[in-house]
Amino acid sequence: MEWFTTVLYLLGATIRVSTPLIFCAMAGLISERSGVIDIGLEGKMLAAAFAAAVVAALTGSAWDGLAAAVLVGAMLSLLHGFACITHRGDQVVSGVAINIIVSGLTVVLGNAWFQRGGETPQLQAEQRFMGVIFPGTDNISHLPLLGPLYVKVLSGQSLLTYIAFLLVPAVAWLLYRSRFGLRLRAVGENPAVVDTAGISVDFLRYRAVVLGGILCGFAGAYLAIAQNAGFQRDMTAGRGYIALAAMIFGKWKPLPALYACLLFGFLDAGAPLLQGVKIYGNTELPVQLIQALPYALTVILLAGFIGKAIPPKAIGRPYIKER
Amino acid sequence: MNATPAPMPRWLEIFGLPLVNLLMAMIVSGLIVLAIGENPFAAIGAMAAGAFGDLYGIGYTLYYATNFIFTGLAVAIAFHAGLFNIGGEGQAYIGGLGAGLMALLFDHSLTMWPMLALGLVASAVFGAAWAFVPAYLQAKRGSHIVITTIMFNFLAAALMVYLLVNVFRVPGSMEVVSRDFEASAGVPYVHALLTAIGIEMPQTPLNLAFLWALICCGLVWVYLWRSRGGYELRTAGLAPKAAQYAGISPNRVTIEAMLISGALAGFLGFNEIMGNHRQIVLDFVAGAGFTGIAVALMGRNHPFGIILASVLFGALFQGGSEVAFEIPTITRDMIVVMQGLVILFSGALAYVNRPLLEKLWKLYQARKNAKAAAVVAPVSPAAAPDAPVALAEETATLAATPAAPEPEALETTPMPKPAPVEEVLEVVEAEIVTMGPGAEPPPAAPRRKRGPKKSKRKPGEV
């Protein structure tokens, strides 16, 4: 049964690691389907994580932390929108700027406020989103296979994790079944048509970008006050880019993006287990290979070697009325 | 693009605008410093003293500047081709691998100069190779270069960790570094050279790679503005359709620009590995690839501007360490914030400050004119005709009379003899489209700001 314990651990870890990726990938997806490139996922998530940790530490409430994270994510999105929707600046440059500003600012502020080299104080359990225990865990746990699966994998995750998984069908519904979603997809493909129909391109894109910022807020809050007990410098560690890659790997569609997030999360969660595993005689499987796999897969996919990922047609192009 | 020709003079455009952007970044940084309860002016003072106060500070400033010149040039040359090379970080990392590999292989057998030349070439080749894959994929398979270069940054990081842990690490050592190079594989330090001719200079990592960086600036300038390849590159970046009509292959330009860009970024690895560390280490690029973006934007993609911006950022990094030493609340990360703000103001918000400055200039001009008009009898201003036909008629007649009083109009139609209106228009149009040798070359790069936008163009799309 040792392998079963490993599988359980792996499944649980995959879900935990994937959660911020899912939030971020959905954020990027909504933004990019409206035609605005979102390289700034990393920065928004980092800023949100910082805000969540600071506010949770000060007020002692995880919910306040979440609210602060969402607020900060949305504010940075507004900045992104101001630069590239209102003023038609370059979307990639704006995203890069946000990432760099946040990576410095969080440490400067954290260091000035708490004097811990950029870290925030350790949070207590009641200041965080701890695991939610499902009903009936005591009665079911003795069942073979299903019992441990229910107790160790399905139950006991953070509330934010469940929100993340529910978010995916919600985003799919929003995109494909709602009027807002139809317009959103249209504005990412052909903004001129949307404009001709009398709908404001800018306002639509603003809403999409801010929605993305809110979701980044959730991702950051999860990192700082659910998965960890505080903020550390550069704690996102490239997850925003992985989420971006997952979204592209999922071809800008919610469900495939979820699968990509789970795959990348699985690779991340499984990498430590593979440390020292021998393959082919005496050669060790390099852990770095597993870590690099998400990026390599995304490059291969983008190059069109496994299927074809076609971005929204108007992506990256600011809309100029009457041209 | 859609930007109307600037009504403001060139000096204001070239020097004023970056200064305004820098000033805004400094004001916001100053507010942040105020917000954390420190005196921004004291910080600036400490920074300036730390960066330029003595030879030690200057040495470090120029050492940082060397890195930023290389990455700044790398970003700029890609910008000129309408590409956004966000992968300078990875290309520099792999460039350092190339230099370090050569040093480890040959430092026992080669003397200094051949060794250094080999390292220099290897860093360029490795950096260019790391840029080649994204460039090829963009040109031939249509994948987005921004995304692929980001992915290649992470791939480079993973590869370097693997190589250092499993290949280069000295057996039995806990440190994840390669062995030290022999003296032959070290670029001569500037302080050593100065001491040899009798000038005392404290030990700094500044080495001769700085000279090579300056030479690279010259070479890039010659390439961009004095060579056929550079002309094609700029044309493809400014007007992809015109370039294609003129027979310039956009795919070739993409690959060529990225190869040069990657090679330039690779030189950073030469400066760090053979100039400073003299062994292969982890994370020696330390964000300089991203600083290159700020440097290129601030230096307006011109080699001379890049030198100025690099020295500025070098001073910020060196001065930042001194500030962190004197005022512990302000860590070096403040410089990272400033760097991001510079990218924000001179890159993303480029269309906010520019019109603002234009408006101010117009206001200033109007007031000056009003004053002048009050003194001298007012001269009736030339009426600006609205209809294009009227404009063409006027320019055609102006071209016919050599002693025309309007120099501007003469410049727009350099026709030697009078011609019917339609013909004038046609000829001018044809010249613009073909970009023939007689036509006006594309405007100098500094005027361009939105290079990356072009990279969304799919190859082959007309």
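UniProt positions are given here in the numbering used for this structure, feature names are shortened, and annotations may be inferred rather than shown by experiment. With that in mind, the UniProt record (an unreviewed entry) places the feature "transmembrane region" at residues 6–29, 41–60, 92–114, 159–176, 208–225, 257–277 and 289–307 of chain A. Welcome to a predicted model, in which local features need pLDDT of at least 70, side-chain atom pairs count only at pLDDT 80 or more, and totals for chains, interfaces and linings use all residues. Residues are numbered from 1 along each chain as its sequence is written, and chains are lettered from A and ligands numbered from 1 in the order in which they are written.

**Helices of chain A**

- Helices (H or I, at least four residues) and strands (E, at least two) are DSSP runs, numbered from the N terminus.
- Residues 6–29 of chain A, one of the stretches in the UniProt record, are 100% helix and 0% strand, with end C-alpha atoms 33 Å apart.
- Residues 92–114 of chain A are also 100% helix and 0% strand, and their end C-alpha atoms are 33 Å apart.
- Helix H2 of chain A (residues 41–59) has 19 residues and should span 27 Å at 1.5 Å a residue, which agrees with the 26 Å between its end C-alpha atoms; the expected span is 1.5 Å times one less than the number of residues.

**Buried parts and the core**

- A residue is buried if 20 or more other C-beta atoms lie within 10 Å of its own, exposed if 12 or fewer, and partly exposed in between, with C-beta atoms placed from the backbone.
- H2(A) is mostly covered, as 17 of its 19 residues are buried.
- In helix H8 of chain A (residues 179–189), the buried residues include A:Leu184, A:Ala186, A:Val187 and A:Gly188.
- Those buried residues of H8(A) pack against helix H1 (2–33), helix H7 (159–177), helix H9 (191–196) and H10 of chain A; a contact means that two C-beta atoms, placed from the backbone, lie within 7 Å.
- A nonpolar core is a set of buried Ala, Val, Leu, Ile, Met, Phe, Trp, Tyr and Cys residues joined through C-beta atoms within 7 Å.
- The largest such core has 234 residues, and A:Phe23, A:Ala49, A:Ala52, A:Ala221 and A:Ala246 have the most contacts inside it.
- Helix H10 of chain A (residues 201–227) provides the largest share of this core, 17 residues.
- Leaving out residues up to four places away in sequence, A:Ala221 touches several residues, among them A:Ala48, A:Gly65, A:Leu66 and A:Leu160.

**Two loop residues to look at**

- Most residues other than glycine have a negative phi.
- A:Ala237, in the loop between H10 and H11 of chain A, has a positive phi of about 45° although it is not a glycine.
- A:Ala237 counts as exposed because it has 12 C-beta neighbours inside 10 Å.
- A:Lys251 sits in the loop between H11 and helix H12 (254–270) of chain A, and its phi is positive too, about 55°.
- With 15 other C-beta atoms within 10 Å, A:Lys251 is partly exposed.

**Chain B and where the chains meet**

- Chain B has 18 helices and 0 strands, and 48% of its 462 residues count as buried.
- The contact between the chains takes 39 residues from chain A and 43 residues from chain B.
- On the side of chain A that touches chain B, H4(A) gives the most, with 15 residues.
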